[in-house]
Amino acid sequence: MARVDRRLQLGTSAAARRPGAVVFLLVPQLHLLDLAGPAQVFSTAADLGYDYRLHYVAATAEVPTVQGVSLRADTTWPELDRDDLVVVPGWRPSAHGPAGPVGPDELRRLADHHAAGGTVASVCAGAFALGRAGLLDGRRCTTHHEVQDELARRHRAARVVRDVLYVVDDRVVTSAGIASGIDVALHLMAARHGPAAAARIARSLVVYARRNGHEQQASAMMRHRSHLSDAVHRAQDLIDAHYTEPLPLAELAAACGVSERTLSRLFRHATGLTPLGYQQLLRVERAEHLIGHGSTMESAARAVGFTDARMLRRLRARCRPDRTAPALSS
């Protein structure tokens with residue numbers, strides 16, 4: 001049993017791999033939830049041992065919000081490197097026009113950070129700041145549905161994607177706004193530290209029903225977390241963290257403190273899948289992401305834990321068009 005605990009326990013070793021700052025650029029009349037949602041995700045990540053340092057910068061020390069609460073911010077930016085993230089929360093378009101009040105110095109900082117290899121993200125109308133910084137040209141992007149037409153009109157070189165929660169394109173991350181800021185922050189955590197890290201944070205925030213955006217690599221994890229079974233969430237955390245490894249049902253059940261039969265029953269009731277079906281779906285979706293980014297079928301198969309590409313081909317063929325799990329029963 002000690003071997004099982006060592007192999008399946010949820011560790012925080014990934015926290016040391018990619019520490020960094022998260023800088024929020026605040027503008028007058030921003031929406032609180034545009035800021036508070038992603039800030040809470042990264043703050044919770046820091047509480048769980050991931051070395052994130054949150055900074056709030058603005059042109060003035062006091063920043064009024066749409067909801068009437070004034071915020072305090074630094075007027076000087078921290079030094080940034082490529083592992084750091086800059087986030088632009090959205091504002092009320094009627095207050096400044098959709099383009100917003102982001103000044104030339106802030107726009108230059110956004111462009112320079114991305115050019116240096118860093119990631120820049122926006123929530124809601126914050127996408128207009130990224131557009132003015134030249135970061136949307138030739139890239140897919142999104143924003144709140146009420147201002148999507150205006151974004152497309154102002155930035156004709158951008159490819160505005162509609163009816164999605166967020167879009168990731170070459171370290172430029174845009175989201176629809178309001179609550180979707182939480183979704184995109186969880187996606188960034190999953191991309192940086194793996195699905196298990198995002199799952200732990202989501203559980204801490206009690207947002208099990210995390211929603212998928214444009215990217216598909218973590219969608220299985222997000223689609224199948226809209227339940228409140230703690231035993232199943234523990235099993236999913238373990239599978240998320242070790243989906244490339246063999247995970248016998250007996251070891252999963254023991255690590256979760258239930259019998260194999262109970263775990264199978266609870267898992268299927270909560271997710272509609274078996275534990276193996278869930279693991280295989282994670283593998284297939286991750287492999288498809290790798291293939292979409294230039295990997296061969298063989299290398300993608302090995303990267304996600306298959307011995308060769310034959311099983312991957314079979315599972316891809318058995319996945320239904322709506323990308324639900326392969327029909328695995330054990």
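Biologist: How far along helix α4 (residues 104-115) are R109 and D105 separated?

Modeller: R109 and D105 lie 4 residues apart in helix α4, so about one helical turn separates them. An α-helix has 3.6 residues a turn, so residues three or four places apart point the same way. Helices here are DSSP runs of H or I with at least four residues, strands are E runs of at least two, and both are numbered from the N terminus. This is a predicted model: local features need pLDDT of at least 70, side-chain atom pairs count only at pLDDT 80 or more, and totals for chains, interfaces and linings use all residues. Residues are numbered from 1 along each chain as its sequence is written, and side-chain values use heavy atoms, leaving out hydrogens and water.

Biologist: What do the side chains of R109 and D105 meet in?

Modeller: Start with the idea. Side chains of opposite charge can pair when their charged atoms come close. A salt bridge needs a side-chain nitrogen of Lys or Arg within 4 Å of a carboxyl oxygen of Asp or Glu. R109 and D105 form one, at 3.3 Å from N to O.

Biologist: How many salt bridges does this rule give?

Modeller: The count is 18. Take E150 and R154: their closest N and O atoms are 2.6 Å apart. They sit 4 residues apart in helix α6 (residues 148-154), about one helical turn. Bridges can also share partners: D105, R108, R109 and D112 are joined into one network this way.

Biologist: Which residue forms a salt bridge with D51?

Modeller: R53 does, with the closest N and O atoms 3.5 Å apart.

Biologist: Which charged residue is buried yet has no salt bridge?

Modeller: D84. Lys and Arg count as positive, Asp and Glu as negative; His and the chain ends are not counted. The nearest side chain of opposite charge to D84 is R53, 4.6 Å away. D84 sits in the loop between β4 (71-72) and β5 (85-88).

Biologist: What lies 2.8 Å from a polar atom of the D84 side chain?

Modeller: The backbone nitrogen of D81. Now widen the view. Contact means heavy atoms within 4.5 Å. Beyond its neighbours within four places in sequence, D84 is in contact with G20, A21, E79, H113, G118, T119 and R192.

Biologist: With which residues is L249 in contact, leaving aside its neighbours within four places?

Modeller: E260, L263, S264 and P275. L249 is in helix α11 (residues 249-256). The C-alpha atoms of L249 and S264 are 8.4 Å apart, though 15 residues separate them along the chain.

Biologist: Which residues of helix α8 (residues 195-205) are buried?

Modeller: P195, A196, A197, A198, A199, I201 and A202. V206 follows α8, and its phi is positive, near 60°.

Biologist: How many helices and strands are in the protein?

Modeller: There are 15 helices and 10 strands. Of the 330 residues, 53% are buried. Among contacts between residues at least 6 apart in sequence, 64% join residues at least 24 apart.

How values were computed: Buried < 20%, exposed > 50% of the residue type's maximum accessible area, 1.4 Å probe, protein only. Polar contact = N/O pair within 3.5 Å; in protein donor to acceptor, adjacent residues only side chain to side chain.
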